[in-house]
Amino acid sequence: MAQSTVSGTITDADNGDPLIGASILVTGTSTGTVTDFDGKYTVNVPANAESLTISYTGYATQTIALTGQSTLDIQLASGELLDEVVVVGYGTVTQKEVTSAVTTVEAKDFNVGDINDPTQLIQGKVAGLSISKAGGDVNGGTDIRLRGLSSFGGNTQPLIIIDGVTGADLRTVDPSDIESINVLKDGSAAAIYGIQASAGVIIVTTKRGTEGGGQVDYRGYVSAQSIAAQPELAGRDEYLRIIGAAADLNRTLRPDIADLPTGAEVQAANDYGGETDWVDEVTRTGISHVHNLSYSGGANGTTYRASVNYRDIKGIGYRSDGFQQLNGRLSVTQKAVNDRLELSLDVTATDRTAEFFNGNIYKFATTYNPTAPVFANDAGFSVPQEIADKSNAVYGGYFQVDNFDYVNPVSIGDQFTNTQQRADFLYSARAAFDVTDDFTIQASYSRTRENTTGGTYASRTELSAGGANGNPAFAGSGNRFANDNRNELFEVTGTYNLDLGGNDLQLLAGYSWQEYNFQSFGAGGRGTPTDAFGFNNLSAFQNSTEAPLGINSSQFANRIIGFFGRARLSIGSAYNITASIRRDGTSQNGPENRWDIFPALSASADLVDALDLAGPDQLKFRIGYGITGSLPPGSYDYLATFAPAPGLFFPFGESYVATIGPTSNPNPNLRFEKKGEFNTGIDFAFMDYKLTGTLDFYIRNTGDLLFNAEVPTPPFLFRNVQANLNNVDLINTGVELSLGYNVEGSNFTWNPNLVFSTYNTRLEQTDEVADFNFGDGGSVDLTSTVPGAPGQNGFPVTTIAIGEEFGGLYTLITDDEATDASGEYVFLDAEGNAIEGRDPNNADRVLVGNGLPDFSIGFANSFTFGDSWDFSFFLRGDFGHDLVNMPQNFYGQFGNAVARPIDNIITTNLNENIISAPILNSNFVEDASFLALDNANLGYTFDLGGNSGFRNLRLYVAGQNLFYITGYSGVDPNVRYTDGGNALAPGIDRRTTFFRTRTVTFGASVGF
């Protein structure tokens, strides 16, 4: 018999409304289609087809036997969620079979607007998953935390898996090509991935083609990004008033110091006659445009989807701020041997050219004198001849006053470039064969390659990096680099399904081989005769003992091999049990610790089925425990390493040769961090599935913490060693709640969804005798967290203390009443007593805040009005975290107007009674809790009729970061999970943070 055609309409069984986008598949094949805007469908049915499977999110899946019908109208009952497919490690299950904490976010629930990073799609959508990006840097990445900090020295961001490729880079997939994102939150779900899964697992599934006629889809938008928040700075008149008042108060309070300048003298010395809005000079409205074009379809066992994505993104920096990206993706699936063999090929290529805006430009735009001009010869200013002459002769005409940490911000933007070209290539091939109806074997191979080249150049007349004020022979600096990173993965799995009557058993066994290779090369120098070459002719730079041309290169690799298995037992319709085990080995550990075992066990019981409960539609109790691991940060941390010692030479014959010195100590006992996690939860549904939700509680215990411990020299050759801390554990606890509700009217729907998460992280002492000391007296001061120059290099902000909540912020505290009365800081010690001589030391710092939130919320709301209008908005908030406001600490202290009257002043909360030189204290640690309108979207879908040639047409306008409600006086209250990449130092808002931005987007989606 030849193939036939079946047509019909899919509607809601309760109200008769058409279901748009319902899936119709020929059972057991990938042949199928989806319904149009009227709920209509047409599907080509092979001669041997026995049934159709119809599914739609939130409705019960139906399988309809084929008995020769040509028309088949189907009504789906709303509310049934248990048949939804959930992607887990190395397979899928139905929602009813899930025994662990797993969250799925589908494309229809993604955040919308100017989305350039896939993580933005689910920001705030998953309980326990925190995604934070401070400031409006379009080239900046995001910090991702799943259930808090999971590792001391290993990877702190979740493992990324894209279409089965473990360790893939999210930059290889365009957000427009993503179908769903699944988050494996607890240890029992993630343990199947072993030593790479301690921070959780994010599984990305991309869009694929289905059998049927070819379909063309276009999605595009134009967006405008502008400043939403910036420091409150003094204008010309206010600046002059403040520095004058500060000088006069300084003279009043310090009468014993002779020759202090008067206010009028300070004003005269720093008034250049005009007014410049430096923030306005270095910013713009960034206009971006994005386009996605895809073609998909299939026939005769072949399905395909090809897409091309182009992004031209402009940031708020006035020049050299943004990127252009071209991404192409091809997915092909072929079935053969009576549909028993399935072959799949995925190929992705991304080419990206980025220009990085220098964050110091924003710092100096905040602090530069508002009376000064951009160029020394600008009309309307009174620039002393000496300054004008040097500005023209040395600094390329840019106005410049010689002082420490003081650079004309426009001169940096015009004369400093930082560009990067990146090419990503990922291909993966899979073959699956059904040996029997119950036994399937699958093999897959993938390779990812990231090739990056770039460089920086500072012109001969640029001060900050170009060295314009030094020896003219060494003016100008340039650097070039090239990186080549590869990830190769081969996996084989076998799956056996056994029908035990009313019970089902699924067995999985697998082998995984993965190798990462990294290599890099770089060179740089200073002293070029001309700016014409930029960084493209390094041979033109000086190469002398005074200014040597630096060259570096590296190559390292590591390998991971795993054997894993899983058994999943379903007992009737009420009970499910899942057990897994993985044995992983790595080349990164010491020789005696390269292998370990990572087991997991979880179970669920649907009490509605088990106890035949009336009332709830679902009440599923889950419980699980799993162990995962985290790798050492380097490939060779267990070995002693050596490198040339800079500036040290040894006499040999009649010349000197470079010396070699140690850069790390060996540690043959280096091993994995191991995290054990207990999770218990309830999935529930009431009111015919109108109200749904999950509630989870977890406790994590991470031991053998990886830490770069200090050791004595001698006997060690180097002052640090990568070690496992056996005497302390990292403890995380939290509660997660997700709630959803479905409101339906005759011409209206509303779907509110709430996620709520709490966090607590502590460092606790164990009973073990320490192999390596954790700091002095059970605490470690992170010296990298000092505020910095000028004048504040003394006291670190972060101390990690055993027995304390992680994320603590430590500063000096002041007696505010005594300080205001005296006009100078009066500090208190840890006992609250005034410090004599007003000369505090490091031991006088006290715990004044915490950089991590106590809880987070996300509140999504989506509405439809009739058949055409839709509206959604999303509120997101973090609460209980503090931020050290470094800009305010440096530039918002009245004493800085005394010490450095050249600096402009942040006027927010300015205390004009204190003339002490700026020093960080508790007044500059602020509660940064916030609630933000993160996203809002209004769309209209046109009814084009059946003969228009269009499948769909939707226009929309969207906004992002529309407003923040917060008491934080800085520009961005978002959580800082790292400081300079250090995950152990949260809560510091540095001076180079980009200003917070707001984005408005206009877009269209068209289907042909």
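Me: Why does Asp414 count as partly exposed?
Reply: Buried means under 20% relative accessible area, exposed means over 50%, and partly exposed is the range in between (1.4 Å probe, protein chains only). Asp414 has a relative accessibility of 24%, so it counts as partly exposed. This is a predicted model, in which local features need pLDDT of at least 70 and side-chain atom pairs count only at pLDDT 80 or more, while totals for chains, interfaces and linings use all residues. Residues are numbered from 1 along each chain as its sequence is written, and side-chain values use heavy atoms, with hydrogens and water left out.

Me: How do you know that the salt bridge of Lys674 and Asp596 ties together separate parts of the sequence?
Reply: The side chains of Lys674 and Asp596 meet in a salt bridge at 3.1 Å, N to O. Lys674 belongs to strand S32 and Asp596 to strand S28 (residues 595-606), so the pair joins parts that are 78 residues apart in sequence. Lys674 is partly exposed, with a relative accessible area of 24%, and Asp596 is partly exposed at 24% relative accessibility.

Me: Are Arg976 and Asp989 buried or exposed?
Reply: Arg976 is buried, and so is Asp989. They form a salt bridge whose closest N and O atoms are 2.9 Å apart. Elsewhere, salt bridges that share partners join Arg147, Lys185, Lys675, Glu677, Arg700 and Glu736 into one network. The structure holds 45 salt bridges.

Me: Why is the pair of Phe518 and Phe556 called stacked?
Reply: Rings of Phe, Tyr and Trp (its six-membered ring) pair if their centres lie within 6.5 Å; planes under 30 degrees apart count as stacked, over 60 as edge-to-face and the rest as tilted. By this rule there are 41 aromatic pairs. The ring centres of Phe518 and Phe556 are 5.1 Å apart and their planes stand at 25°, so the pair is stacked. Phe518 lies in strand S25 (residues 503-526) and Phe556 in strand S26 (residues 550-571), so the contact ties together parts 38 residues apart in sequence. Phe518 is partly exposed, with a relative accessible area of 24%, and Phe556 is partly exposed, with 33%.

Me: How do you know that the buried residues of helix H6 lie on the same side?
Reply: The buried residues of H6 (residues 385-394) are Ile387, Ala388 and Ser391. They cover an arc of only 100° around the axis, which puts them on the same side of H6; the arc is that of the directions from the helix axis to the C-beta atoms. On the other side of H6, Gln385, Glu386 and Ala393 are exposed.

Notes. Helix = DSSP H or I, 4+ residues; strand = E, 2+ residues; numbered from the N terminus. Salt bridge = Lys/Arg side-chain N within 4 Å of Asp/Glu carboxyl O.
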